[in-house]
Amino acid sequence: MSRIGKKAVPVPAGVTATIADKVLSVKGPKGTLSMPLADEITYDVQADAIAVQPANATKRARAFWGMQRTMVQNLVTGVTAGFSKKLVITGVGYRAAAQGKTLKLQLGYSHDVNIDVPEGLEVKTPDATTVEISGADKQKVGQLAAEIRRWRKPEPYKGKGIKYDGEFIFRKEGKKK
């Protein structure tokens with residue numbers, strides 16, 4: 001039995017959920033999100049909650065149960081509060097600047113790195129060493145953060161690079177004479 005799957009996803013006021021053509025659509029103040037429905041799971045949409053149950057007793061249905069409930073929860077949270085990730089840039093001369101729908105990064109390369117911001121996401125740079133990514137879709141927010149971080153992963157000797165806010169970088173001592 002899935003402990004997560006047993007709980008129904010509460011639907012707050014101002015949010016509507018509908019099922020049409022094997023697609024669950026959730027509409028709220030921050031937009032509309034949708035996801036395809038798994039055949040192994042039954043979804044019960046009511047006015048104040050969405051219940052997720054396995055359609056049969058197979059191992060695959062039980063494996064999908066908790067994950068599908070979490071994905072429904074992410075849709076509801078995304079259209080109400082949204083998701084955000086914060087990246088911190090460490091290193092001499094490393095900086096970031098948001099210019100419209102483009103993020104310009106200076107990371108010690110011979111050229112600037114320009115990253116196009118996907119539709120539905122917002123990127124802010126409160127200062128030159130902080131990047132804040134926010135949006136309704138949790139997957140898109142995490143994917144963009146990972147793509148930005150991939151340009152200069154933090155290295156263990158000096159700690160230079162792009163890291164998530166709150167991430168611990170294991171530091172190494174280096175050579176001894």
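**Close-up views of a predicted model**

**View 1. A hairpin joins strand S3 to strand S4 through 2 residues.** The strands S3 and S4 (residues 31–36) run antiparallel and are joined by 6 bridges. To find your place along the pair, look for Val23, whose bridge partner in S4 is Pro36.

**View 2. Strands S2 and S3 form a hairpin with 2 residues between them.** S2 (residues 16–20) pairs with S3 in the antiparallel sense, over 5 bridges. A handy landmark is Ala17, which has Val26 of S3 as its bridge partner. In the turn sits Asp21, with a positive phi of about 55 degrees.

**View 3. The side chains of strand S3 (residues 23–28) alternate between two faces.** Leu24, Val26 and Gly28 point to one face and are buried.

**View 4. Three strands make an open antiparallel sheet in the order S1-S6-S5.** Strands S1 (9–10) and S5 (41–45) stand at the edges with a single partner strand each, so one side of each has no neighbour in the sheet. Helix H2 packs on this sheet and touches S1, S5 and S6, its direction making about 165 degrees with that of S6. Between S5 and S6 (residues 49–54), the antiparallel pairing runs over 5 bridges.

**View 5. Helix H2 (residues 59–80) has a kink of about 30 degrees, centred on Trp65.** Its 22 residues should span 32 Å at 1.5 Å a residue, and the end C-alpha atoms are 33 Å apart, which agrees. Trp65 is also one of the buried residues of H2, a list that includes Ala61, Gly66, Gln68, Arg69 and Val72. Further along, Leu75, Val76, Gly78 and Val79 are among the buried residues too. After H2 comes Gly82, whose phi is positive, near 85 degrees.

**View 6. Two annotated stretches can be set side by side.** An unreviewed UniProt entry places the feature "domain: Large ribosomal subunit protein uL6 alpha-beta" at residues 11–82 and 91–164. Residues 11–82 are 31% helix and 39% strand, with end C-alpha atoms 15 Å apart. For residues 91–164 the values are 18% helix and 38% strand, and the end C-alpha atoms lie 14 Å apart.

How values were computed:
Residues numbered from 1 in each chain as written. Predicted model: local features only at pLDDT ≥ 70, side-chain atom pairs only at ≥ 80, totals over all residues. Heavy atoms only, no water. Helix = DSSP H or I, 4+ residues; strand = E, 2+ residues; numbered from the N terminus. Expected span 1.5 Å × (residues − 1). Bend = angle between axes of the 7 residues up to and from the residue. Buried < 20%, exposed > 50% of the residue type's maximum accessible area, 1.4 Å probe, protein only. Pairing = 2+ DSSP bridges. Contact = heavy atoms within 4.5 Å. Axes fitted to C-alpha atoms, helices over the stretch in contact; angles between N-to-C directions. UniProt positions renumbered as here; feature names shortened; annotations may be inferred.
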